[in-house]
Structures are given as C-alpha cells and as structure tokens.
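Good morning, and thank you for making time for this. I would ask everyone to bring up the structure so that we can go through it together.

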Amino acid sequence: MRLYEYEGKELFAKFNIPIPEGRLAASSREVEAIATEWNKPIVLKSQVLTGGRGKAGGVKVVENTYDAKAVAEKLFEMKIKGFPVEKLLVEPKLNIAREFYLGVTIDRLNYRLVVIASGEGGVDIEETAEKSPEKIFRKSFECDQELYKFDAVEIAKKLGLDSDHVKQAAQIIMNLYSLFKKYDAKMAEINPLVLTARGQLIAADSRISLDDDAVFRHADLAEMGIEKRHEEGEMTPREQQATEWGIPYLDLDGNIGMFPGGAGFGIMGNDFIHYYGGKPANFMDSGGGPSPERLAKMLVLLDENPNVKAIFGARFGGISRCDDFAKGVTMFLKEHGLSKPMVCRMTGNMWQEGVRLFDEAKKENPELFEHFEFHGIETPIEEISKRAVELAREAEGGK
Amino acid sequence: MAILVNKDSKVMVQGITGGAGSFHTKRMLTYGTNIVGGTTPGKGGQTVEGKPVFDLVSECIEATGADTSVIFLPARFVMEAAIEAIRAGIKFVVVIPEHIPIHDMLRVRKEAVAHGATVLGGNTAGIISPGQANLGIMPDIAFTPGRVGTVSRSGSITYYIADTLTRSGYGETTCVGLGGDPILGSTFDEILWMFEQDDESKAIVMTGEIGGVYEERACDTISKMKTPVIAMIGGIFAPPGKRMGHAGAIVEGKMGTAKEKLDVLTEAGAHPAKTFKDIPEILKKLGV
C-alpha cells in the first residue's frame, strides 16, 4: 500500500524525522489562502500514488504569492500517469545546500532488510544504481536485528557530511529504520534528504509503501486516515465493476475475452493466445472454487464488453469441481445468454460430469449453445487457444 | 524416491479442527497420506477423522512422532504456528494460506534456516509425491507416479504440467508448489538442488511467472546441475506495472519481466518451453 507524500511525512513526524512545515490543499482557493498567509516563496506538490511526478510537471515552485492560485489551478487539472491531482501539499521553498538519498527496503533474494544511502539525492535511485553503483552504499540487517547507533553513524558517514551533521543524519537513519519495522513497510525512502543553507537536515520528500497484508495490526493508521486504496491509476468502468464484484480483472487491448481459472494460468493463458497470433482483451482470476454466481458474473463482464469478439474458457478442476463449473456457465447461458462465440475446456475434478451436464443442457435448449463449444480432457489447451484466436478472427470478418 | 515428502512422512495438520483444516485432512488421508494428528490450541483431546488433536506441536510430536506439518490457519496466525513447529523439531512446514505479512515470513525463514528446516509457501497449493503423499489442496487427478519433478509458483500451472507429464507417460516424482506470495519460504534454486540429489527424478520442469527475483536466483544452481531443467515463465506478454492476480506477480520497473527471466535461465542451461505441449517433446529429445 503506497502512501501519499503527506501521509509519509506524518509518519516521519511521529518518528522525529524533521519535515518542512506543510499544509494540504484540495482547491486553488485554499492554496491562495496559504500563500497569502505565508507570503514567501512556496512549492506546490501534487499528491499522487506514482513516481516521476517531478518530471511530469507535478511540482511547481511559486516565487510570487500572486501566482499561487493560477499555478494551483493548472496542477488540479493534471493527470499524472493516469492519477488525477486531487490534493496539493503546500510547503515553503527550501534553501537547499545539498541533497542526499536514504532508504530502507527488503532484499527479497536474501531475506534481509537493507539500508541504502547515497550522497546524491533527489534523483531516481535505480538510475544511479545502474549508472554509478559506487555512489550507493548498502548495509543489510537480519529481519529482527536492531540498527545500533554505530551502524547508523557508519551509514551516515557515507553521505559525505561533516561530523556535526553525521550525528543528525545517524539519528534520522535510526528513526527511519524504526518506522520501517514498526509499520511493516516494504519500502521507506527519504529522497531527497536535504541539507539547508542554514545547516538543517530535513526530509523534503517521502515515499513509503506498506505491506497490505499487515495493515490489520496498525489500527492507528486508520485513525490517521490511511486506509487501503486502489493504487494502480484510474480504473476503467469494467475494472471498477469487477472490483465491486471482488473479481481481479484488468482490461487489455485485444479482442479475446479470457475466462481462464486461477491467476497462474490467467497469466500464462494470455501468453498462449499471443503465441497463436491473438490478443487478449483482459486478464481475470476466478479465485479458488468460484461459485456459479461468480462464474456467471465473470462471463457477464466479457459478454458485455464490446471489444470482446470471442471468449476463451479453461477450467482445471482442482478442489473446485467441473460439474459446478458447468452449472455456473449454464446458469449464465440461461439467464443472460451468450452473444459471442466461446470455446471452453474442462479437465480435472469431475470433468466427465461437467461435459455430461453441458450435453444434457444442450439437448434441452440447443439455441443457448449456438455460440458455445465445449471440450474435455481430450483436446489440449493449446488447441483451445488456437480455436479462440480463429473465432475472434472470424468474428472480425476474417482479419 | 521423492523429495521432501513420501509415504513414510509423519504428517500433522496445524489448524486441524478448522473448516479448511478438517476438510483437507480428510482428502489427504483418502489419498493415503500418513496423517498422524494435528493441533488446535484449546482443543487438545478431540479427534478429527480419527486422528488425535493436541494443544501444542511438541505434544503432537511426542505422541505421534510427527516430522512434517501442513498449516491451515488464518494468515495472521501463521508466523507463530510455523515458528512453533520449527522450534519443536518439525523439519518440513507447508504454509497453505495466502497473504502472510512479509515481515512475518522473513522471521519464519530465518527460524527455518537456523533449525535446518524447509518451509513452502505462503499461498501454495502444497506438494505431492504421487502414490505416496499429498500435502495441501492439490487435486490428485492430474498426478501419477513417474520420473519427472516439477516446481512452480502457481497451483493451476502445477496441475497443467502434471497433467501433461501424466498423459505423455512420464509421470512425476514430486510436484512442489512454492507459492504465490511475495516472500516465499523456499526458492527455486533450493528445490532444484533437492531434485538434483534425487536419482529417480530424471528431469525437472520449473515454471515461474513475472515479478520477484526467485527465478533469477536459480541460474547459478541450474548451471551446476546434471539433471536437465525445462523452464517456462508466464507473463511474456504481461503489461508492465499491472498486478496480475498473485500479489507477487507485478513487473516493477525493469525488474522481473518474464522475457528476462527466461533468457537468463536459458543462458544458465535450462531448456525453454513456450507451451505445455513443448515439454514432452523436449523430454524426448533429452532422452528422458
């Protein structure tokens, strides 16, 4: 769960990491009021859950109070990588002498926590790591290990500070490490950590990502207004609908509706379609043992999507049973109806029973099965993928 | 032979009295898995499917000689359950639930390494040595005893691969599910090396997916192995920056693209497969 800059800074303040005086504004009028009150050069920072906002023009320095409202209005009209700017963080412009980088993250490969420091801040740390790795210092710790003062001093010294400031920086490093562990963070970055002309170290930006799966043990976050959020940019209306129904779903730019079972084959099935010359219109994950209602909803999403020209279905009955799967699909055929060609394969638990149920339903209502082809274990999944690509091509008029 | 679990493994279930715990205990027993008992704190003295329930893992070990544990508990209780099992002397722990907090899993891993234990998961469908033992939630229908090992992050892919191996006559020694969570108890390289020591596993199919770093970590091991490895990676055409189902399955920046994973694995000596039907063809060429 990614935090907004201002939320991260609230956590910084809680852990005695110095931050600039700042106020949140939701309208250009509010920005104007703050600017008038302060009457000094300010920075307007778009609050969005994505990186690269500076490059995208989402951060503006306003030297003259009279310009604040107009600059804010422009920012509020922006979308940064699909995220609309709804809030601005207003801060006094800092008089910057130097910029540094500090971060704590998890080294998943080695199961350790890592503190990263660099004398060059304010830039993309991954880029620095690639271009000049010698400018980055790393020190790793066991997941339950303390970070002692001497560790922090060792790291702080790598920033190239004089001894007075090394002590200040070491304290910030220790506090950042405590915050990281206390809140189950995946990443906590200060970039840049700024040394002002007056000799103060201040966290000028925050980038914090918490573990969604551990939010339950941090009740105080909700009190601060920090709650689970959608952080992958704007959702399409269908993605929104799927989210409401609790179905992991993504719109893609092809024309084959994907109805593939679990996430693992959901990912790989998309590749199969590409290998046979087609393009999926979506990614979807049924979850384990989906109910007939859920299966029907998944099919509704695909059938009502005008981009979808054909539907690819696959079910490997594990704990879930293929007869239940057949019931769900038949329910959809009866209640909603299928307006597009669909090819589907069932194998695994009770697949013969699934095929039998389809056969039976087809005898009763042949018109419902006009566009629906079903297969059992004898047809390899590769053939089904190929068939879906063919069906989509035919529906597009042979293109 | 098989790796990690076989017909002699003495398996206990943590959370045996819960809905999922008791349901899957029955399934695992039906398959022939040697389930010896289980735990639920506060329910010691009861039985599930005729197997004794204890309050503590140590009591279960003392009474039954359990050496392996399968955990069916809500994610928030997994860390303590796994550490309890490891400290009591269990050498193999399978974590079925998903969404285990990352910092919890780091601790479990540390504990496992310190005690020489192996942990699978979280978010794994489990592990099966066909004809011997089935731990977790995998359907037995796809599996048959044979001579190829498999290791995968995803349950559904494990079923497809095993189904392919079964129908092409190769069968499986052991099929291992690493799990779909972002931090995993075991990694590809560790499981591959276990298969390398197993004489009956004549080849290994590893299937990974976009996101994370665990596939790349296998390269060094693959280059040292005599047993051939067939590699398949899901998500070659996945859009970057979008999460596809598994919490771990997201391409972050330049890290974790499927193409890159497959390239480095191939460079290390693995045989790349595009779709399932390539697998028996490659095995045939390799003379397995």
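The domain assignment divides chain A of this predicted model into domain 1, covering 1–20 + 95–226, domain 2, covering 21–93, and domain 3, covering 237–395. Taken over C-alpha atoms, the centres of domain 1 and domain 3 of chain A are separated by 46 Å.

Let me turn to the overall dimensions of chain A. The C-alpha trace of chain A spans about 85 × 50 × 40 Å along its principal axes. Chain A contains 13 helices and 18 strands. Its radius of gyration is 27 Å, whereas the globule rule gives 21 Å for 399 residues; the chain is therefore more spread out than a compact globule. Of those 399 residues, 44% count as buried. If we take the contacts in chain A between residues at least 6 apart in sequence, 72% of them join residues at least 24 apart.

Chain B may be described in the corresponding terms. Chain B has nine helices and 14 strands, and its C-alpha trace spans about 55 × 40 × 30 Å along the principal axes. For 288 residues a compact globule would have a radius of gyration near 19 Å, and the 18 Å of chain B agrees with this. In chain B, 58% of the 288 residues are buried. Among contacts in chain B with a separation of 6 or more, 71% are between residues 24 or more positions apart.

How do the two chains meet? Here 49 residues of chain B are in contact with 43 residues of chain A. On the side of chain B that touches chain A, the elements giving two or more residues are helix 4 (102–115) and helix 5 (155–167) of chain B. The residues on that side of chain B comprise 24 nonpolar, 13 polar and 12 charged.

I now come to the interior. In soluble globular proteins, nonpolar side chains tend to be buried together. In this model the largest nonpolar core has 189 residues, and those with the most contacts inside it are Ile173(A), Leu176(A), Ile71(B) and Val93(B). Helix 6 of chain A, residues 163–182, gives the most to this core, with nine residues. Setting aside residues up to four places away in sequence, Ile173(A) touches Leu102(A), Val115(A), Ala152(A), Ile155(A) and Ala156(A). There is also a second, separate core of 17 residues, which includes Ile34(A), Ile42(A), Val48(A) and Leu88(A).

Which residues of helix 3 of chain A are buried? In this helix, residues 68–76, they are Ala68(A), Ala72(A) and Leu75(A). Viewed down the helix axis, these buried residues fall within an arc of 60°, so they line one face of helix 3 of chain A. They pack against helix 2 (28–38), strand 2 (42–46), strand 3 (59–62) and strand 6 (88–92) of chain A.

Is Leu192(B) buried or exposed? Leu192(B) counts as buried because it has 23 C-beta neighbours inside 10 Å. Apart from neighbours within four places in sequence, Leu192(B) is in contact with Val151(B), Ile204(B), Met206(B), Ala218(B), Thr221(B), Ile222(B), Met225(B) and Val229(B). Ala218(B) is 26 residues from Leu192(B) along the chain, and 7.9 Å separate their C-alpha atoms.

Technical notes:
Residues numbered from 1 in each chain as written. Chains lettered and ligands numbered in written order. Predicted model: local features only at pLDDT ≥ 70, side-chain atom pairs only at ≥ 80, totals over all residues. Buried ≥ 20, exposed ≤ 12 C-beta atoms within 10 Å, placed from the backbone. Helix = DSSP H or I, 4+ residues; strand = E, 2+ residues; numbered from the N terminus. Arc of directions from axis to C-beta. Contact = placed C-beta atoms within 7 Å. Domains from an automatic or database assignment. Rg over C-alpha atoms; globule rule 2.2 N^0.38 Å. Nonpolar A, V, L, I, M, F, W, Y, C, P; charged D, E, K, R; others polar. Core = buried A, V, L, I, M, F, W, Y, C linked by C-beta atoms within 7 Å.
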